[in-house]
Amino acid sequence: MAEPKIIELNNGSMQVKVSNLGCTILSLSVPDKDGNLGDVVLGFDTLEPYQKGLAPYFGSIVGRVANRIKDGKFSLNGVDYTLPINKPPNSLHGGHKGFDKAVWEVAEHKEGEHPSVSFKYHSHDGEEGYPGDLSVTATYTLTSKTTLRLDMEAVPANKATPVSLAQHTYWNLGGHNSGDILNNTAQIWANHITPVDQYTVPTGEIMPVKGTPFDFTSEKQIGRDIQQVGLGYDHNYVLDCGDEKDGLKHAAKIKDPKSSRVLDLWTNAPGMQFYTANYVNGVVGKGGAVYNKHAGVCLETQGFPNAINTPNFPSVVVQPGDKYIHNMVYEFSVE
């Protein structure tokens, strides 16, 4: 049984602390316009609060299937599967003990100019109701001065299974303790979203964002139209119009006007949950900082939510011997 530990990746320009508990990004420090390092990730100073379940998925990788599965049910190859209803009436982020609560094995840790760490996890047949054994690998690498890359892979051993992993970090480019993100700007390379029912499950429709509060095709303040979407944004964006670089699509760009920090996210995933921390309320985090509603923004690239029950969504089923591959590049800069 692996022990939870903290591993630091540092290339002299940026510093990232991660844990094999849920492959969690605990902190990520990058310079602002004056060269001052700031930690731009919500989280805790020690592993204990994560172990106690006090974090609403802060920094972790969620799976076997990210987001919601309607009524915690699906059928595959003629078999009906029932999952834990951990977010009634649905199953969320892999169930009661998803990948975010697992202690992964530290498979490799490299230092130097491009420091990296690889985590491995073996998910067994029937775990949280899912079919078949699944071998999962997640590797964090500092690929340049201020760029973090995450490569996720999963191979089913013996049965077809839905797989959709997501990185659930809450970002605040002004610094984790700088208040809400409503005056940050966002641009999302998505002409459509998947609208949801009252329980945040997609209806199956693919809706154009043009002329709606969901339109981030041009840079705009996150808070500008947020009052028009209920509690805030918590929607899957269809990444259908981003430019490509090294086989990845431009998904999102977030900018903090005060620090001038910018985050550009690139991915090969078809969708991205854009979530404005609507349910965060009075969480006491690093250095005693109190995180409230809209204290961060999540950019969870993913398969579409409830895709396993929605035939017109891209399939999230992976066959035995095939490989699920999900890449994300977080490029930090100032402008």
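Start with Glu300 and His168. Their side chains make a polar contact at 3.4 Å. Keep in mind that this is a predicted model.

Why begin with these two? UniProt lists His168 and Glu300 under "active site", in an unreviewed entry. They are spread over 133 residues of sequence, yet they cluster in space, with a largest C-alpha distance of 5.7 Å. Both His168 and Glu300 are included in the lining of the largest pocket.

Glu300 first. Glu300 is in strand β28, residues 297-302. Is Glu300 buried or exposed? Its relative accessible area is 2%, so Glu300 is buried. Setting aside residues up to four places away in sequence, Glu300 touches His93, Ala166, Gln167, His168, Gly271, Met272, Gln273 and Tyr275.

Now His168. His168 is in the loop between β15 (166-167) and β16. With a relative accessible area of 3%, His168 is buried. Beyond four places in sequence, the contacts of His168 include Pro56, Tyr57, Phe58, Gly59, Ser60 and Val62. Tyr275 and Cys298 are also among them.

Next topic: the binding site annotation. UniProt places "binding site", again from an unreviewed entry, at Asn67, Arg68, His168, Thr169, Tyr170 and Asp234. Of these, the lining of the largest pocket includes Asn67, Arg68, His168, Tyr170 and Asp234.

Look at Arg68. Arg68 is in strand β6, residues 68-69. Its relative accessible area is 6%, so Arg68 is buried. The side chains of Arg68 and Asn67 are joined by a polar contact of 3.3 Å. Leaving aside neighbours within four places in sequence, Arg68 is in contact with several residues, including Lys87, Asn90, Ser91, Leu92, Thr200 and Asp234.

Two of those partners deserve a stop. Ser91 is in strand β9, residues 91-92. Ser91 counts as buried, at 2% relative accessibility. A polar atom of the Ser91 side chain lies 2.7 Å from the backbone oxygen of Pro84. Apart from neighbours within four places in sequence, Ser91 is in contact with residues including Asn67, Arg68, Ile69 and Gly72.

Thr200 is in the loop between β18 and β19. At 15% relative accessibility, Thr200 counts as buried. What does Thr200 contact, leaving aside its neighbours within four places in sequence? Arg68 and Asp234.

Asp197 is in the loop between β18 (192-194) and β19 (207-208). Asp197 is partly exposed, with a relative accessible area of 26%. The side chain of Asp197 reaches the backbone nitrogen of Tyr199 at 2.7 Å.

Tyr170 is in strand β16, residues 170-171. At 1% relative accessibility, Tyr170 counts as buried. Not counting residues up to four places away in sequence, Tyr170 touches Val40, Val41, Leu42, Pro56, Tyr57 and Phe58, among others. Tyr275, Ala277, Val280, Val297 and Cys298 are on the list too.

Tyr170 brings us to the rings. Ring pairs link Phe44, Tyr50, Phe58, Tyr170, Tyr275, Tyr279 and Tyr291 into a cluster. How many aromatic pairs are there, counting rings whose centres lie within 6.5 Å? The count comes to 20. Take Phe44 and Tyr50: their ring centres are 5.2 Å apart and their planes are at 85°, so the pair is edge-to-face. Phe44 is buried, with a relative accessible area of 6%. Tyr50 is buried too, with a relative accessible area of 11%.

Phe304 and Phe313 form another edge-to-face pair, 5.1 Å centre to centre, with 80° between the planes. Phe304 and Phe313 are both buried.

Last item: charges over rings. The charged end of Lys87 sits over the ring of Tyr279, 4.9 Å from its centre. Remember that Lys87 is in contact with Arg68, and that Tyr279 belongs to the ring cluster. The charged end of Lys220 sits over the ring of Phe216, 4.4 Å from its centre.

That's the tour. Over to you.

Methods. Residues are numbered from 1 along each chain as its sequence is written. This is a predicted model: local features need pLDDT of at least 70, side-chain atom pairs count only at pLDDT 80 or more; totals for chains, interfaces and linings use all residues. Side-chain values use heavy atoms; hydrogens and water are left out. Rings of Phe, Tyr and Trp (its six-membered ring) pair if their centres lie within 6.5 Å; planes under 30 degrees apart count as stacked, over 60 as edge-to-face and the rest as tilted. Buried means under 20% relative accessible area, exposed over 50%, partly exposed in between (1.4 Å probe, protein chains only). A charge sits over a ring if NZ of Lys or CZ of Arg is within 6 Å of the ring centre and within 35 degrees of the ring normal. UniProt positions are given in the numbering used here, feature names are shortened, and annotations may be inferred rather than shown by experiment. On a 1 Å grid over the protein atoms alone, a cavity is a set of points where a 1.4 Å probe fits but cannot get out, and a pocket is an open set with protein on both sides within 12 Å along at least five of seven lines; lining residues have an atom within 4 Å of a point. Helices (H or I, at least four residues) and strands (E, at least two) are DSSP runs, numbered from the N terminus. Contact means heavy atoms within 4.5 Å. A polar contact is a pair of N or O atoms within 3.5 Å; within protein, one must be able to donate a hydrogen and the other to accept it, and residues adjacent in sequence count only if both atoms are side-chain atoms.
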